[in-house]
Amino acid sequence: MSYGDDATVRKVLTDSGDTWAVVGLSNNTARAAYGVARVLQRAGKRIVPVHPKAETVLGEPGYASLAEIPFPVDVVDVFVNSELAGPVADQAVAKGAKAVWFQLGVVDEDAFARTRAAGLDMVMDRCPAIELPKL
């Protein structure tokens, strides 16, 4: 099943804004979050690392949580286990984000429904690094 039709994918990647909070991003270059964040940066997005370590990653200062980011974010890209993803989606709604993106393998149908009901665009179980070149 696809959670996020092509029109929504295109909208989030092109029209939702260029500040992307990447939840689960650390300096571990072996993790998918690092590679995807680099692709987003190359595509002109400002990435904001969100990780308990609050590390500076790819030149951008990190924050321990979405709530601690002192400026608006447009898209919240979620690289945490499905069990942890729902609360992150709720935090994205509270933060005022325009869209939430759950990475490949991250699925929470209840969170998808809640996020959509709150008026945000949402894509789930897809990868922006795969979708960007298709645009």
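**Entry 1: V9**

I began with V9, which counts as buried at 3% relative accessibility. Buried here means under 20% relative accessible area, exposed means over 50%, and partly exposed lies in between, with a 1.4 Å probe and protein chains only. I noted that this is a predicted model, where local features need pLDDT of at least 70, side-chain atom pairs count only at pLDDT 80 or more, and totals for chains, interfaces and linings use all residues. Residues are numbered from 1 along each chain as its sequence is written, and side-chain values use heavy atoms, with hydrogens and water left out.

I placed V9 in helix 1, residues 6-14. Helices (H or I, at least four residues) and strands (E, at least two) are DSSP runs, numbered from the N terminus. I then looked up what V9 touches. Setting aside residues up to four places away in sequence, I found G4, W101, V123, R126 and E131. Contact means heavy atoms within 4.5 Å. I also checked V9 against M124: they are 115 residues apart in sequence and 9.7 Å apart in space, C-alpha to C-alpha.

**Entry 2: the whole chain**

I counted 5 helices and 5 strands. Read from the N terminus, the order is α-β-α-β-β-α-β-α-β-α. The radius of gyration is 13 Å, close to the 14 Å of the globule rule for 135 residues, so the chain is as compact as a globular protein of that length. That radius is taken over C-alpha atoms, and the rule is 2.2 Å times the number of residues to the power 0.38.

Along the principal axes, the C-alpha atoms fill a box of roughly 35 × 30 × 25 Å. Buried residues make up 51% of the 135 residues. I looked at contacts with a separation of 6 or more, and 58% of them join residues 24 or more positions apart.

**Entry 3: the cores**

Which residues touch the most other members of the largest nonpolar core? I found A21, L66, I69, V76, V78, V100 and F102, in a core of 26 residues. Strands 1 (19-23), 2 (46-50), 3 (75-78) and 4 (99-102), with helix 3 (82-95) and helix 4 (109-117), each supply at least two residues of this core. Helix 3 gives the largest share, 4 residues. A nonpolar core is a set of buried Ala, Val, Leu, Ile, Met, Phe, Trp, Tyr and Cys residues joined through side-chain atoms within 4.5 Å. In soluble globular proteins, nonpolar side chains tend to be buried together.

V100 lies in strand 4 and counts as buried at 0% relative accessibility. Among its contacts beyond four places in sequence are V76, V78, A89, L120 and V123.

I turned to helix 2, residues 32-42, where A33, Y34, V36, A37 and L40 are buried. Their cover includes strand 1, strand 2, strand 3 and helix 5 (128-131). G44 follows helix 2, and its phi is positive, near 95 degrees.

Is G24 buried or exposed? I found G24 buried, with a relative accessible area of 18%. G24 sits in the loop between strand 1 and helix 2. Leaving out neighbours within four places in sequence, G24 is in contact with A33, V50, H51, F79 and V80.

**Entry 4: positive phi**

L58 has a positive phi of about 50 degrees. L58 lies in the loop between strand 2 and strand 3 and is partly exposed at 22% relative accessibility. D125 has a positive phi of about 65 degrees. I found D125 in the loop between strand 5 (121-123) and helix 5, partly exposed at 27% relative accessibility.
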